[in-house]
Each structure stands twice: as structure tokens, then as C-alpha cells.
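Take a moment to turn the model around on your screen before reading on. This report walks you through some of its parts, one at a time.

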Amino acid sequence: MELKTKARVLIVDDHPLVCKAVSQLLNRQSDLTCCGMVPSATDAISAVLKNHPNLVLLDLKLKDGDGIKLIGPLLQAVPNLKVLVLSQFNDVAFVDGSLKAGACGYITKQETAREILAAVRTVLAGKIYLNHKISTSLLNNLEVLQPPTVNGCTQLTKRETQVLQLIGVGMKTRNVATKLNLSVKTIETYREHLKRKLNLKNSTELTHFAICWMERRS
């Protein structure tokens, strides 16, 4: 019987107790393993190159630097690397800065083990992860935006723009439906319209487009 390859996770955090707890959590999973732990930005790049992780769990406040500023160099060193921020801060500015720098998700250390594992698996699957609390915080800071243009022409309706905006702050289809008081099926139809009008191949491309569009407007 062929053994399933486990996804490798590197922890970059200068809190020993956090590192120990998270590494033990990861190593108890059948599909995940902690491939290393480093406490500083200085050690992070060499650890990524040495340990070949699929994902980096990154704290924002390191003893020798700013975690947000480390995201770019990490992705330059390993372009296919996924970065998930695991931080004590639940501030919209930190979330926004992390996503702009290239992180694929943001979760706070106050979340449950189950939520942390869900975040890790979501990001490893190529999706963006923001929990409900963070999504709501971002949503509350939004302004009404004009729809994006393709080839200089505005193609989206007001409702399609609203759906795109909510996707861009990390909301899932069901949450978008609840927010707009529409059915899940209707939101799925709007998602298909968005992919067609914006020339996007799949849901992952739609999510990335929405997030990048939101970042450009902030």
C-alpha cells in the first residue's frame, strides 16, 4: 500500500511554547508534518531552502524583524511556497498588509486547533483563508467600489461588483449569499458570470483576482 506524502510545514515564530504546541498539532495529523521551526527572519530563508516546506506558518512579530516584510523574500526564494500568517493581532491593517505582501491566509493564535488546521489545509489546497471574524472586520472597513474594467470597459453589474467585493475579503459562497440575502445557487451563478466576464479559468483565479482588485483600491 502506497503511503500518502505529508504536506511539510515550517513554523517561523520566536515563541517556543507556540512552536511546540503547533508542531505537535501538525505531527498528529495523517496529512501534515512539521519540517522545522525557526525563531527569526534571519533563519527563515535558509530554513525554507533547506527543509523544502509546502507552507510556512509565519508570525508577524519576530525578534529580529517584521514578518510582513519577510513574506516577499520567502516567495522570491521559493515561488510556489504558500505563506499563512499565524499572529496574535486581529487588526485589519495587519491582515491587509499580509495579503498585499503575498500571504494566502491570516489566522490568529486565539483560534482553536481545529480552525488552525482548517486554515493550513485550505491554503495548501491553493485557496485563500480568512476566518469569519477577520472577513467581517475587512468588510466593515470597505467603501462602495466602482466595478473593475476589462480592456478599458466596465462589464460588471452592480450586484456582480458586490459579489466580487465580498469574495475579495475572503467570504465563502454561503456567507456571501447570507450577506446579500440571496440563495447559494444565485451566488454561484454570479460567480460564473464573473469568471466569464473577467476571462478567469476557475474559482482560484476568481478569488485571487478579487483579492488583488480589493488591494489596488485600498
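What follows is a short tour, from the chain as a whole down to single residues.

**The chain as a whole**

Keep in mind that this model is predicted. The protein chain contains ten helices and ten strands. It has 218 residues, and 47% of them count as buried. Taking contacts between residues at least 6 apart in sequence, 63% join residues at least 24 apart.

**Strand 1 and its two partners**

Let us begin with strand 1, which covers residues 7-12. Is this strand largely enclosed or largely open? Five of its six residues are buried, so strand 1 is largely enclosed by the rest of the structure.

Strand 1 pairs with strand 2, residues 32-38, through six bridges, and the two run parallel.

Next, look at how some helices pass one another. The table gives two pairs.

| Helix pair | Axes come within | Crossing angle |
|---|---|---|
| Helix 3 (residues 67-77) and helix 4 (residues 92-101) | 9 Å | roughly 15 degrees |
| Helix 7 (residues 158-168) and helix 8 (residues 173-180) | 10 Å | roughly 130 degrees |

How do helix 3 and helix 4 lie to each other? Their axes cross at roughly 15 degrees, and angles under 35 degrees count as roughly parallel, so helix 3 and helix 4 are roughly parallel to each other. Their crossing is right-handed. On the helix 3 side the contact is made by Ile 68, Ile 71, Gly 72 and Leu 75, while helix 4 brings in Phe 94, Gly 97, Ser 98 and Ala 101.

For helix 7 and helix 8, the crossing angle of roughly 130 degrees makes the two helices oblique to each other. Helix 7 passes helix 8 in a right-handed crossing. Arg 159, Gln 162, Val 163 and Leu 166 of helix 7 make the contact with Val 176, Lys 179 and Leu 180 of helix 8.

Finally, pick out two single residues. Asn 51 belongs to helix 2, which spans residues 41-51. Is Asn 51 buried or exposed? Its relative accessible area is 17%, and buried means under 20%, so Asn 51 is buried. Not counting residues up to four places away in sequence, Asn 51 touches Arg 8, Leu 10 and Cys 35.

Ala 77 is found in helix 3. With a relative accessible area of 30%, Ala 77 is partly exposed. Which residues does Ala 77 contact, leaving aside its neighbours within four places in sequence? They are Ile 45 and Leu 49. Ala 77 and Ile 45 are 32 residues apart along the chain, and their C-alpha atoms are separated by 7.1 Å.

Definitions and conventions. Residues numbered from 1 in each chain as written. Predicted model: local features only at pLDDT ≥ 70, side-chain atom pairs only at ≥ 80, totals over all residues. Heavy atoms only, no water. Buried < 20%, exposed > 50% of the residue type's maximum accessible area, 1.4 Å probe, protein only. Helix = DSSP H or I, 4+ residues; strand = E, 2+ residues; numbered from the N terminus. Pairing = 2+ DSSP bridges. Axes fitted to C-alpha atoms, helices over the stretch in contact; angles between N-to-C directions. Parallel < 35°, antiparallel > 145°, perpendicular 65-115°, else oblique. Left-handed = near helix turned anticlockwise from the far one by under 90°. Contact = heavy atoms within 4.5 Å.
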